[in-house]
Amino acid sequence: MHSIKLVLPRCLAVAQSSSLIRSTVHPISKHRLCSIFPGPTRTASAIRTLCSKPPVAGTVSDYAQQNKKEPDEASKVYYGTLTPQIRAVKVFSLATSIGGIVAQPILLEQASKIGGMPMIVAVCGFAGFFTFVTPILLHLVTKRYVTELHYDPAKQQYTATTITFFLQREKTNFKIEDVTVPEVGGLFTTFLVRDKAMFVDPQLFPDPTHYIKIMGYDKPINFKFEEARQTASSENPSKKDR
């Protein structure tokens, strides 16, 4: 026991001295190894840079896609809020028309059995109205409604989108010179583009300057004094002759 007590303090002192030597030698050895062999560290840094390049390329491609999308969104200067409702009503009308055409032979057969010719005429008139007349009336009203309006600043050209009879998008390209504003506005008519009536809501323009340009409100007002003078001068000789 006495020998163990003498040996244990010596062992602890040796262990502490060895740990201090390791802690001092370890960073020095690392520094010397890095100075002697700089190649692996450079290759490791090169590998890290290579590994870090693909995410950068991905972010650049995403940024390019965003830049491609931004001009399309910026070119839209008008959107009609009634577009979904108009499309839904026209879909329902066309569906009922197709159903009426399919069911018409069955209705005629049953009408002939029940009431003869007067009943056939009544059924044909009632079914024909909802089958043919209703979709045509809806198209006459909604064909002038502009769903979207885009502007190309490079060409200074507008593109108006409307809905056709069979729910297809019809695009009309025009410039401000092609627009004529009627003195007396008709039903669902805001302006005319080459004798084609179009209807827009002024409150739905995010930038009202486009509506002002289309309607010609930025131009000087023509009071038509010359036309009034010409008409007055043409009327004066006729009065003198009388």
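The structure described here is a predicted model.

Helix 4 has a bend of about 35 degrees at Phe129. Its buried residues are Ile120, Val123, Ala127, Gly128, Thr131, Pro135, His139 and Thr142. Which elements do the buried residues of helix 4 pack against? They pack against helix 3 (83–114) and strand 3 (157–163).

The UniProt entry, which is unreviewed, carries the annotation "transmembrane region" for residues 88–107 and 119–141. The table gives the computed values for these spans.

| Span | Helix content | Strand content | Distance between end C-alpha atoms |
|---|---|---|---|
| Residues 88–107 | 100% helix | 0% strand | 27 Å |
| Residues 119–141 | 100% helix | 0% strand | 32 Å |

Helix 5 covers residues 208–215, and among its residues His210, Tyr211, Ile214 and Met215 are buried. Viewed down the axis of helix 5, the buried residues fall within an arc of 125 degrees, so they line one face of the helix.

What covers the buried residues of helix 5? The covering elements include strand 1 (76–79), strand 2 (148–152), strand 3, strand 5 (179–180) and strand 6 (191–193). After helix 5 comes Gly216, which has a positive phi, near 80 degrees.

Terms used: Residues numbered from 1 in each chain as written. Predicted model: local features only at pLDDT ≥ 70, side-chain atom pairs only at ≥ 80, totals over all residues. Heavy atoms only, no water. Bend = angle between axes of the 7 residues up to and from the residue. Helix = DSSP H or I, 4+ residues; strand = E, 2+ residues; numbered from the N terminus. Buried < 20%, exposed > 50% of the residue type's maximum accessible area, 1.4 Å probe, protein only. Contact = heavy atoms within 4.5 Å. UniProt positions renumbered as here; feature names shortened; annotations may be inferred. Arc of directions from axis to C-beta.
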